[in-house]
Amino acid sequence: MNGNYSSFDEAFDMLLTEAAVKADENIGMNLNEPAEKPEFSAEHEQRMARLFEHERRKLLRRKIIKYSSRCACVLFAAVIVAATGIFSVDAWRASFLNFMSGVQKENTDYNFDDGENQYYFDGKLGIGYIPEGFEITKNTQIEESMFLKFENLKQYFDLIVSDINGDFSIDTEGEVIENLDLNGIEAIFAYRDNIKILIWNDNSYSYTLYGNIDKNELIKIGKSVKNDEKYQK
Amino acid sequence: MIAFFMDIKSDDDREKVIRLYANYKNLMYSEANNILKDHHLAEDAVHDSFVKVIKYLHKIDESNVPRTRNYLVIICRNTAKDILRKTLPLNNDENTSDEISFEEAGRKSDTLDIVLHKESVRELAKAIEDLPEIYRDVFILRRVEGHSREEIAQILNISVEAVKKRLTRAKQIIIRHMNRREIV
């Protein structure tokens with residue numbers, strides 16, 4: 001519609017459309033069926049039947065695509081909701097990632113900070129308390145022994161877990177030694193220079209926890225160590 | 001959620017096409033045979049017409065029999081002309097006796113008087129019915145069936161430019177017709 005299209009042209013156009021509908025119906029009413037019914041060939045009827053069948057298959061394909069698209073949308077929405085739920089809960093997140101990465105076989109570890117407490121769990125060994133700011137920097141397993149190292153900028157602590165039948169000894173010369181209770185287990189605490197050592201066993205494994213961190217922190221870490229069961233916070 | 005899946009309508013398009021074929025195949029064949037004068041070509045025209053009909057099935061209101069009838073006949077007639085063009089390539093649409101030159105169609109007239117006359121719709125309808133088929137078909141497909149110019153070009157197997165020209169000429173012929181009938 002250009003700038004010169006007057007309102008009368010518009011009114012005329014509307015009349016034309018109205019008249020066209022009337023004319024169309026008049027023409028249709030005056031169309032007569034042929035006096036003689038034509039006889040269509042068998043080949044033609046087959047061709048028409050194929051055309052209609054093709055249309056049916058096209059409709060079916062369209063339906064399948066429509067349904068599949070809608071199912072895909074619903075599935076996608078469900079995955080998003082499930083993923084949001086799983087990753088919002090630390091325990092679920094850990095379990096999911098452990099499952100995906102095969103952490104129980106490969107000794108992969110995840111260290112999550114829930115804002116209150118960091119912890120370590122590798123499917124067999126769990127450390128329920130890791131002081132803030134510490135990160136695992138070494139994780140070595142040799143036969144039945146495991147060595148873990150945690151560090152921050154200035155401090156560290158190491159945990160050695162060994163088969164109880166193996167030999168392990170430490171030089172306690174010049175160290176302050178005391179006996180402690182660690183979750184009902186008798187533990188030995190030793191201190192020399194700036195290094196604190198905590199040793200205990202649970203009749204399956206022997207544990208040696210040492211580092212230059214505060215004594216109370218070391219004991220807290222020691223008390224949080226669990227083995228051979230899924231870590232429970 | 002259920003409504004999300006239940007929104008798929010039970011599509012009976014195939015049944016609709018079969019009904020249209022059953023009800024109008026004879027009429028369409030007759031129209032095509034009048035043009036092609038050949039039984040097999042007329043069958044081809046009916047088949048090819050329904051390929052087009054299927055594409056625009058949603059535009060067909062079966063309950064309006066006269067309109068459906070005319071719509072199918074328009075498609076079939078033009079399909080038949082198209083087949084005729086292919087079999088007789090020199091029979092160019094632009095040179096048929098139905099063609100009216102741009103000059104004969106008349107210059108643009110004042111539409112005011114036509115609009116003001118109370119008998120205009122009836123007379124306009126008559127003018128449209130009297131249009132040569134070459135213009136009437138395009139005019140009805142555009143004005144009544146609401147096809148776009150591109151769709152009309154596809155249905156009639158002509159260029160979009162040809163569609164535009166025919167629509168313009170149809171309107172001019174109608175105005176000239178109205179002026180000659182001394183409505184104004």
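What follows is a working chat about a predicted model of chains A and B.

Colleague: How many residues of chain A are in contact with chain B?

Modeller: On chain A, 46 residues. They are in contact with 52 residues of chain B.

Colleague: And what area do the two chains bury between them?

Modeller: About 4,800 Å². Carbon and sulfur atoms carry 69% of it.

Colleague: Which elements give two or more residues to the side of chain A that touches chain B?

Modeller: Helix H1 (7-30) and helix H2 (42-88) of chain A. H1(A) gives the largest share, 20 residues.

Colleague: How do the residues on that side of chain A divide into nonpolar, polar and charged?

Modeller: The side of chain A that touches chain B has 23 nonpolar, six polar and 17 charged residues.

Colleague: Switching to confidence. What is the mean pLDDT of chain A?

Modeller: It is 80. Of the residues in chain A, 81% reach 70 or more.

Colleague: Which elements of chain A have the lowest and the highest mean pLDDT?

Modeller: Helix H4 (residues 103-106) of chain A has the lowest, at 50. Helix H5 (residues 215-224) of chain A has the highest, at 93.

Colleague: Where in chain A is the pLDDT below 50?

Modeller: Residues 110-114 of chain A are one such stretch, with 19 contacts in the model beyond near neighbours in sequence. Residues 229-233 of chain A are another, with twelve such contacts.

Colleague: Back to charges. How many salt bridges over all chains?

Modeller: The count is 17.

Colleague: What does Glu145(B) form a salt bridge with?

Modeller: Arg67(B). Their closest N and O atoms are 3.4 Å apart. Glu145(B) lies in the loop between helix H7 (133-143) and helix H8 (149-156) of chain B, and Arg67(B) in helix H4 (residues 65-87) of chain B, so the pair ties together parts 78 residues apart in sequence.

Colleague: Is Glu145(B) buried or exposed?

Modeller: Glu145(B) is buried, because its relative accessibility is 7% and the cut-off for buried is under 20%. Arg67(B) is partly exposed, at 23%.

Colleague: What about Glu161(B) and Lys164(B), how far apart are they in helix H9 of chain B?

Modeller: Three residues, so about one helical turn separates them in helix H9 (residues 160-180) of chain B. Glu161(B) is partly exposed at 48% relative accessibility, and Lys164(B) is partly exposed at 36%.

Colleague: Which residues are linked with Glu31(B) in a network of salt bridges?

Modeller: Arg77(B), Lys81(B), Glu133(B) and Asp137(B).

Colleague: Where does Glu31(B) sit, and what does it touch?

Modeller: Glu31(B) is in helix H2 (residues 13-36) of chain B. Leaving out residues up to four places away in sequence, Glu31(B) touches Val73(B), Arg77(B) and Glu133(B). At 15% relative accessibility, Glu31(B) counts as buried.

How values were computed: Residues numbered from 1 in each chain as written. Chains lettered and ligands numbered in written order. Predicted model: local features only at pLDDT ≥ 70, side-chain atom pairs only at ≥ 80, totals over all residues. Heavy atoms only, no water. Contact = heavy atoms within 4.5 Å. Buried area = accessible area lost by both parts, 1.4 Å probe. Helix = DSSP H or I, 4+ residues; strand = E, 2+ residues; numbered from the N terminus. Nonpolar A, V, L, I, M, F, W, Y, C, P; charged D, E, K, R; others polar. pLDDT = per-residue confidence, 0-100. Buried < 20%, exposed > 50% of the residue type's maximum accessible area, 1.4 Å probe, protein only. Salt bridge = Lys/Arg side-chain N within 4 Å of Asp/Glu carboxyl O.
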